[in-house]
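Student: I would like to learn how to read the features of a structure. Please take me through one.

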Amino acid sequence: MAGKPRFEVYREGRRAGGQRSLSNDFLAGSATDGQWRWRLVGGNGEPMAHGESYPDKGSMLRTIDIIANLDGAEIREVDG
């Protein structure tokens, strides 16, 4: 049985404890290195959406809060 969707947050190029991730060494010195990102993961573990980078965690969390509370948001079909 699939679980509930969840937001995952992380610092680009860092592990959860703040240490540099060896797999992300190529980000060292990039404009977004160390910035915060989020991704929405479905109950089946598959990514559903992701966000831009944020310089601080608070800004990112405010955006997640807005997205999580979009109940009744208008949906528009637009040209490409």
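Student: How many of the contacts between residues at least 6 apart in sequence join residues at least 24 apart?

Tutor: A contact means heavy atoms within 4.5 Å. In this protein, 43% of the contacts between residues at least 6 apart in sequence join residues at least 24 apart. This is a predicted model, where local features need pLDDT of at least 70 and side-chain atom pairs count only at pLDDT 80 or more, while totals for chains, interfaces and linings use all residues. Residues are numbered from 1 along each chain as its sequence is written, and side-chain values use heavy atoms, with hydrogens and water left out.

Student: Which elements does the protein have, and in what order do they run?

Tutor: Helices (H or I, at least four residues) and strands (E, at least two) are DSSP runs, numbered from the N terminus. Here there are three strands and one helix, and from the N terminus on the order is β-β-β-α.

Student: How much of the protein is buried?

Tutor: Buried means under 20% relative accessible area, exposed means over 50%, and partly exposed is in between (1.4 Å probe, protein chains only). Buried residues make up 19% of the 80 residues.

Student: Which residues make up the largest nonpolar core?

Tutor: A nonpolar core is a set of buried Ala, Val, Leu, Ile, Met, Phe, Trp, Tyr and Cys residues joined through side-chain atoms within 4.5 Å. The largest one has six residues: Trp36, Trp38, Leu40, Tyr54, Met60 and Ile64. Strand β2 and helix α1 (57-68) each supply at least two residues of this core, and β2 gives the most, with three. Leaving aside residues up to four places away in sequence, Ile64 touches Phe7, Val9 and Trp38.

Student: How many aromatic pairs are found in the whole structure?

Tutor: Rings of Phe, Tyr and Trp (its six-membered ring) pair if their centres lie within 6.5 Å; planes under 30 degrees apart count as stacked, over 60 as edge-to-face and the rest as tilted. The search of the whole structure finds one aromatic pair. The ring centres of Phe7 and Trp38 are 5.6 Å apart and the planes stand at 65°, so the pair is edge-to-face. Phe7 lies in strand β1 and Trp38 in strand β2, so the pair ties together parts that are 31 residues apart in sequence. Phe7 is partly exposed at 29% relative accessibility, whereas Trp38 is buried at 7%.

Student: How many salt bridges are there?

Tutor: Side chains of opposite charge can pair when their charged atoms come close. A salt bridge is a side-chain nitrogen of Lys or Arg within 4 Å of a carboxyl oxygen of Asp or Glu. A search of the whole structure finds four.

Student: Which residues are linked in a network of salt bridges?

Tutor: Arg6, Glu8 and Arg39 are linked in this way. Between Glu8 and Arg6 the closest N and O atoms are 3.0 Å apart; between Arg39 and Glu8 they are 2.7 Å apart. Glu8 is partly exposed at 23% relative accessibility, Arg6 is partly exposed at 40%, and Arg39 is partly exposed at 33%.

Student: Are Glu12 and Arg37 buried or exposed?

Tutor: Glu12 is buried at 11% relative accessibility, and Arg37 is buried at 18%. Their side chains meet in a salt bridge (2.6 Å, N to O). This pair also links distant parts of the chain: Glu12 is in the loop between β1 and β2, and Arg37 is in strand β2, 25 residues apart.
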